[in-house]
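Terms are given their cut-offs where they come up.

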Amino acid sequence: MIGPQPGASTRVQQAWRVLDGVLDPEVPAVSVVELGIVREVRDHADELEVVLTPTYSGCPATEVIEADVRKALEAAGLGPMRMTLQRAPAWTTDWIQPEGKRKLREYGIAPPGPVDASQGTPIRMVRRNAEAVACPRCGSANTERLSAFGATACKALYRCVACREPFEHFKPI
């Protein structure tokens with residue numbers, strides 16, 4: 001579970017509230033908390049430690065996210081702080097909170113479904129028969145994949161056959 005743990009200090013609780021307002025730079029409809037990028041906030045005697053897990057190891061937005069997190073916490077008077085990048089366990093779309101998935105849909109991006117670990121490696125960069133993805137605009141499952149990649153490597157480009165609108169789908173990883 002993401003968020004302050006029972007018994008967390010007031011400072012940690014305040015930090016989580018602030019971080020819930022820090023938007024993802026690539027999808028500014030959801031916060032870095034809702035996406036599951038913020039894994040933990042630790043209160044050390046002399047500083048806060050914010051543990052971040054990028055959506056993938058080469059994510060170009062990682063430095064922007066770190067800077068935005070730092071700026072928000074400093075503006076709230078919660079410094080000093082340090083950022084820790086934790087790449088293991090690797091981020092998965094299962095870490096996106098339900099509120100984040102709702103916001104993705106409202107923003108026009110079809111959110112990922114759950115990852116089925118029993119099926120092996122969940123992400124496939126090229127797939128002959130892509131699964132049906134419901135249109136975030138009209139809800140139709142009559143959609144087609146146009147490209148395995150959207151604006152970023154973690155998204156694919158789809159089009160709804162029913163309403164004819166293009167949309168991106170967050171790949172389940």
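Glu49 has Arg82 of strand 3 as its bridge partner. Strands and helices here are DSSP runs numbered from the N terminus, helices being H or I with at least four residues and strands E with at least two. Two strands pair if DSSP finds at least two bridges between them.

The model is predicted: local features need pLDDT of at least 70, side-chain atom pairs count only at pLDDT 80 or more, and totals for chains, interfaces and linings use all residues. Residues are numbered from 1 along each chain as its sequence is written, and side-chain values use heavy atoms, with hydrogens and water left out.

The chain contains three helices and seven strands. Read from the N terminus, the order of elements is α-β-β-α-β-α-β-β-β-β.

Strand 2 and strand 3 are parallel and share five bridges. Strand 2 (residues 48–52) is also joined to strand 1 by five bridges, and that pair runs antiparallel. The link between strand 1 and strand 2 is a hairpin of four residues. Within this pair, Arg42 has Glu49 of strand 2 as its bridge partner. Together the strands form an open sheet of three with the order 1-2-3 and mixed pairing. Strand 1 (38–43) and strand 3 (81–85) are at the edges with a single partner strand each, so one side of each has no neighbour in the sheet. On average, neighbouring strands of this sheet are turned by 20° against each other, direction ignored; axes are lines fitted to C-alpha atoms, for helices over the stretch in contact, and angles run from 0 to 180 degrees between N-to-C directions.

Burial is described by relative accessible area: buried means under 20%, exposed over 50%, and partly exposed in between, with a 1.4 Å probe and protein chains only. Five of the five residues of strand 2 are buried, so this strand is largely enclosed by the rest of the structure.

Contact means heavy atoms within 4.5 Å. Helix 1 (residues 10–19) lies across strand 1 and strand 2, at about 150° to strand 1. Helix 2 (residues 62–75) lies across strand 2 and strand 3, at about 155° to strand 3.

Arg11 belongs to helix 1. Beyond its neighbours within four places in sequence, Arg11 contacts Asp43, His44, Glu47, Leu48, Leu78, Gly79 and Pro80. Arg82 sits in strand 3 and counts as partly exposed at 33% relative accessibility. With neighbours within four places again left aside, Arg82 contacts His44, Glu47, Leu48, Glu49, Val50 and Arg70. Arg82 and Glu47 are 35 residues apart along the chain, and their C-alpha atoms are separated by 7.2 Å.

Each of these arginines has a side-chain polar contact, tabulated below. A polar contact is a pair of N or O atoms within 3.5 Å; within protein, one must be able to donate a hydrogen and the other to accept it, and residues adjacent in sequence count only if both atoms are side-chain atoms.

| Side chain | Partner side chain | Distance |
|---|---|---|
| Arg11 | Asp43 | 3.3 Å |
| Arg82 | His44 | 3.4 Å |

## Strands 5 to 7

Strand 5 (residues 143–147) and strand 6 (residues 155–160) run antiparallel and are joined by four bridges. Arg145 has Tyr158 of strand 6 as its bridge partner. Strand 6 is also antiparallel to strand 7 (residues 166–170), over five bridges; here Ala156 is partnered by His169 of strand 7. The hairpin of strand 6 and strand 7 has five residues between the strands, and in it Arg164 takes a positive phi near 70°.

## Cysteines

The structure holds zero disulfides, a disulfide being a pair of cysteine sulfur atoms within 2.5 Å. For Cys135, the closest cysteine sulfur is that of Cys163 at 3.9 Å, too far for a bond. Cys135 is buried, with a relative accessible area of 3%. Cys160 is in no disulfide either, and its nearest cysteine sulfur, in Cys138, is 3.6 Å away. Cys160 is buried at 0% relative accessibility.

## Whole chain

Of the 173 residues, 40% count as buried. Among contacts between residues at least 6 apart in sequence, 53% join residues at least 24 apart.
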